[in-house]
Amino acid sequence: MSSKNRPLAGALLTCLFCFSLGSLLAAPLAADGAGYRKDLLADLKALEDKIVGLAEAIPEEKYSWAPGEGVRTVSQAIMHTAAANYFFPTLMGGTMPEGINPRGFEQITDKATVVKTAKESFAHLRGTIEATTDEQLDSTVNAFGQEMTGAGFLHFAVSHNHEHLGQLIAYARSNSVTPPWSE
């Protein structure tokens with residue numbers, strides 16, 4: 001690995017560690033459904049502000065930038081999070097909004113569309129969390145070959161955004177863009 005790619009690799013490994021640790025802590029957090037949803041929604045709002053903020057701060061001409069061959073570009077990373085924000089609720093029995101096809105999201109490169117879609121995807125995930133009952137938080141969800149509680153799965157869905165926030169911070173800094181909350 002070249003020394004040029006080491007900081008990016010380190011940032012991505014740190015994000016993966018935090019994601020894994022957060023997933024392990026999800027079950028104990030779910031003791032109180034209302035409190036859990038409130039905390040999860042606050043975390044999701046912070047993530048939305050940062051991911052959308054980066055999407056807005058990164059110049060459109062950098063949306064096609066990737067750190068290497070075979071790695072998602074800036075727009076693909078943002079749209080990957082948007083696709084997941086729409087898809088994950090379906091694994092808990094939610095429905096996909098009419099006209100939404102997350103499978104094609106990573107092909108979208110227009111900055112205005114990327115930002116709009118990201119915002120709408122966070123609203124969709126937020127609506128799912130708000131509508132989830134205490135019974136659903138305690139129920140079993142089978143996702144990606146793992147069995148977990150609904151609360152654990154919602155935590156997984158939100159944590160997925162943390163992983164890609166770290167990726168997008170590294171992408172922004174690699175392109176001399178300071179995250180808006182750091183200015």
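Author: Let us begin with a term: contact means heavy atoms within 4.5 Å. Helices (H or I, at least four residues) and strands (E, at least two) are DSSP runs, numbered from the N terminus. This is a predicted model, in which local features need pLDDT of at least 70 and side-chain atom pairs count only at pLDDT 80 or more, while totals for chains, interfaces and linings use all residues. Residues are numbered from 1 along each chain as its sequence is written, and side-chain values use heavy atoms, with hydrogens and water left out.

Reader: Thank you. What covers the buried residues of H4?

Author: The cover includes helix H2 (33-57), helix H3 (74-87) and H6. Buried means under 20% relative accessible area, exposed over 50%, and partly exposed in between (1.4 Å probe, protein chains only).

Reader: Which residues of H4 are buried?

Author: They are Lys111, Val114, Val115, Thr117, Ala118, Ser121, Phe122, His124, Leu125, Thr128 and Ile129. As background, an α-helix has 3.6 residues a turn, so residues three or four places apart point the same way.

Reader: How far does H4 reach from end to end?

Author: H4 has 21 residues and reaches 30 Å from its first C-alpha to its last, close to the 30 Å expected at 1.5 Å a residue. The expected span of a helix is 1.5 Å times one less than its number of residues.

Reader: At what angle do H4 and H6 pack?

Author: Helix H4 (residues 111-131) and helix H6 (residues 150-174) pack at about 160 degrees, and their axes are 11 Å apart. Axes are lines fitted to C-alpha atoms, for helices over the stretch in contact, and angles run from 0 to 180 degrees between N-to-C directions. The two helices are therefore roughly antiparallel. Angles under 35 degrees count as roughly parallel, over 145 as roughly antiparallel, 65 to 115 as roughly perpendicular and the rest as oblique.

Reader: Which residues of H4 and H6 make the contact?

Author: H4 contributes Phe122, Leu125, Thr128 and Ile129, and H6 contributes Leu154, Ala157, Val158 and Asn161. By class, this contact of H4 with H6 has 6 nonpolar, 2 polar and no charged residues. Ala, Val, Leu, Ile, Met, Phe, Trp, Tyr, Cys and Pro count as nonpolar, Asp, Glu, Lys and Arg as charged, and the others, Gly among them, as polar.

Reader: And H3 with H4: how are their axes placed?

Author: The axes of H3 and H4 come within 8 Å and cross at roughly 25 degrees. That makes H3 roughly parallel to H4. On the H3 side the contact is made by Ser75, Ile78, Met79, Ala82, Asn85 and Tyr86. On the H4 side the residues are Val114, Thr117, Ala118, Glu120, Ser121, Phe122, His124 and Leu125. The contact of H3 with H4 has 8 nonpolar, 5 polar and 1 charged residues.

Reader: Is His124 buried or exposed?

Author: His124, which lies in helix H4, is buried, with a relative accessible area of 17%. Leaving aside residues up to four places away in sequence, His124 touches Asn85, Tyr86, Pro89, Thr95 and Pro97.

Reader: Let us turn to the loops. Where is Gly104?

Author: Gly104 sits in the loop between H3 and H4. Gly104 is partly exposed, at 30% relative accessible area. Its C-alpha atom is separated by 8.6 Å from that of Ala83, which is 21 residues apart from Gly104 along the chain.

Reader: Which strands lie on either side of Phe144?

Author: Phe144 is in the loop between strand S1 (140-143) and strand S2 (146-149). Its phi is near 55 degrees, a positive value in a residue other than glycine. Ser176, in the segment after H6, has a positive phi near 60 degrees. At 70% relative accessibility, Ser176 counts as exposed.

Reader: What does Thr140 touch?

Author: Thr140 lies in strand S1 and touches Glu147 and Met148, not counting residues up to four places away in sequence. Thr140 is exposed, with a relative accessible area of 52%.

Reader: Finally, how many helices and strands does the protein have?

Author: The secondary structure comes to 6 helices and 2 strands, in the order α-α-α-α-α-β-β-α along the sequence. Buried residues make up 43% of the 183 residues in the protein.
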